[in-house]
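Hi there,

Here is the structure I promised to pass along.

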Amino acid sequence: MIHPALDDLMVFLTMFKLSSHLFLLAALFIFIRKGRSGIAVIAIGLLAIGIADYTASGILKPLVQRTRPCFVIDGCRLLIDQSRSYSFASSHAANSAAVASVFWIVFGRGERVERIMVFLMAGYAFLVGYSRIYVGVHYPGDVLAGFAIGCASGLLAYLLCSWAFKNVLQPLLIRKGFSDT
């Protein structure tokens, strides 16, 4: 499933430096839809990315030590510069799935425009994962594991932040006299 017309798109999707403005648009969407409480959503998203990235790159890659396909498969098309780091699990897939899962949790039951944005973020995460296979730096299993890690990280970040708000921040605000929360 390779076509030269897709090469530039896949490189664009796989290189965060090139597609980072999409995350800025997502953050703008959050602030437009959630106002000041969008800061909490952004914080949950950043925590989810941190958990996903650490799990994939900090724990699994050193533990599994799987060589990237571009270094072991003869004739593998490598479309980007790639260092000799490990392959399993895909951090790009994990991070983009973490963001998409936070969007799903926060906006999945919202108005139509919010549900459309959830669909777009999930589609973006899927394309980022596919791009990692397309450019020759990951196996499909690496990407699927990254998706699972990202979804679990998004849920974990949401649950941790919800627990902290309910059990730490809200009682503190009530004691300080801010009972409107």
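Let me start with a cysteine: the sulfur of Cys151 lies 17 Å from the closest cysteine sulfur, that of Cys161, which is too far for a bond. For a disulfide, two cysteine sulfur atoms have to be within 2.5 Å, and the structure holds 0 of them.

Before going further, please note that this is a predicted model, where local features need pLDDT of at least 70 and side-chain atom pairs count only at pLDDT 80 or more, while totals for chains, interfaces and linings use all residues. Residues are numbered from 1 along each chain as its sequence is written, and side-chain values use heavy atoms, with hydrogens and water left out.

How accessible are the cysteines? Cys151 has a relative accessible area of 42% and is partly exposed, whereas Cys70 counts as buried at 14%. (Buried means under 20% relative accessible area, exposed over 50%, and partly exposed in between, with a 1.4 Å probe and protein chains only.)

Now to the charged side chains. Those of opposite charge can pair when their charged atoms come close. I count a salt bridge when a side-chain nitrogen of Lys or Arg is within 4 Å of a carboxyl oxygen of Asp or Glu, and the structure holds 4 of these.

One of them joins Asp7 to Arg77, with the closest N and O atoms 2.7 Å apart. This pair links distant parts of the chain, 70 residues apart: Asp7 is in helix 1 (residues 4-14), and Arg77 is in the loop between helix 4 (69-72) and helix 5 (91-107). (Helices are DSSP runs of H or I with at least four residues, numbered from the N terminus.) Asp7 is buried, at 15% relative accessible area, and Arg77 is partly exposed, at 30%.

Arg33 meets Glu111 at 2.9 Å, N to O. Arg33 lies in helix 2 (residues 16-34) and Glu111 in the loop between helix 5 and helix 6 (112-134), so this pair ties together parts that are 78 residues apart in sequence. Arg33 also bridges to Glu114, the closest N and O atoms being 3.1 Å apart. Here too distant parts of the chain are linked, with Glu114 in helix 6, 81 residues from Arg33.

Best wishes

Key. Helices (H or I, at least four residues) and strands (E, at least two) are DSSP runs, numbered from the N terminus.
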